[in-house]
Amino acid sequence: MSDTLTADTAEKTRTSTLDLKFISHGTLESKNHEETRKFYEEFMGFEVVRASNMSMFARLGGKHIYVVVPKEEGGAPMSVRNHNGVDVHSEAEVDKAYELVKRDAEKWGLHQISKPMIQHGTYSFYFWDRDDNSWEILSNPPGGYDWMFELGDQEGKGSMDRKFERPLAARGR
Ligand SMILES: [Fe+2]
């Protein structure tokens, strides 16, 4: 789906008070921008640009970005409920990423690495980086969670249900 089509659809169905256009960014914290930039570029494969002496912008696979700002001394680790998900296109690729995260954990300060499994309807695993940001690597088709918006509202446990039927493309087996 093109950005234009999405914008047109949003315009036709908008019932909100504010006429907002695009969720452009979230924020992440970093203890050391140079080290974090190396981790993002060399391990995670993100595109990174310095926006100021205080901030970097990072993105991958789309126009939504993270603004990376200095972490306060003694700042709390990111809660798993605030994790950031990064997609691959098959469960085999999740397993491969898991092996690489374990292999390079010491080099990049990665910790609390969970085993891949089906969780909230998605095959994935979690880890925390040196900045104590929480990441999830998950299997999702190109377009990320487009499929859930196409399915529409779910009842009860919905996608959290272990028996939830994800699109075949999300399984990639
Ligand atoms: Fe998630």
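1. In what order do the elements of the protein chain run from the N terminus on? The answer is α-β-α-β-β-β-β-α-α-β-β-β-α-α, and the tally is six helices and eight strands. Helices here are DSSP runs of H or I with at least four residues, strands are DSSP runs of E with at least two, and both are numbered from the N terminus.

2. Some ground rules before going on. This is a predicted model, where local features need pLDDT of at least 70 and side-chain atom pairs count only at pLDDT 80 or more, while totals for chains, interfaces and linings use all residues. Residues are numbered from 1 along each chain as its sequence is written.

3. Now the sheet built from E1, E4, E3 and E2. These four strands form an open sheet in that order, with mixed pairing; two strands count as paired if DSSP finds at least two bridges between them. E1 and E2 are the edge strands, each pairing on one side only. From one strand to the next the twist averages 25°, taken between axes that are lines fitted to C-alpha atoms (for helices over the stretch in contact), with angles running from 0 to 180 degrees between N-to-C directions.

4. Looking at the pairings in that sheet, E1 (residues 25-30) and E4 (residues 65-70) run parallel and are joined by six bridges, with His25 partnered by Ile65 of E4. E3 (residues 56-59) pairs with E4 in the antiparallel sense over four bridges, and Ala58 stands opposite Tyr66. Five residues lie between the strands in the E3 and E4 hairpin, where Gly61 takes a positive phi near 75°.

5. Helix H2 is worth a look next. Its buried residues are Thr36, Phe39 and Tyr40 (buried means 20 or more other C-beta atoms within 10 Å of the residue's own, exposed means 12 or fewer, partly exposed is in between, and C-beta atoms are placed from the backbone). These three cover an arc of only 95° around the axis, so they sit on the same side of H2; the arc is that of the directions from the helix axis to the C-beta atoms. Glu34 and Glu42 are exposed on the other side of H2. The buried residues of H2 pack against E1, E2 (47-50), E3, E4 and helix H4 (105-108). Just after H2, Gly45 has a positive phi of about 80°.

6. E6 and E7 (residues 122-128) run antiparallel and are joined by three bridges; Ile118 has Tyr123 in E7 as its bridge partner.

7. Finally, two totals. Of the 173 residues in the protein chain, 15% are buried. Among contacts between residues at least 6 apart in sequence, 54% join residues at least 24 apart, a contact being two C-beta atoms, placed from the backbone, within 7 Å.
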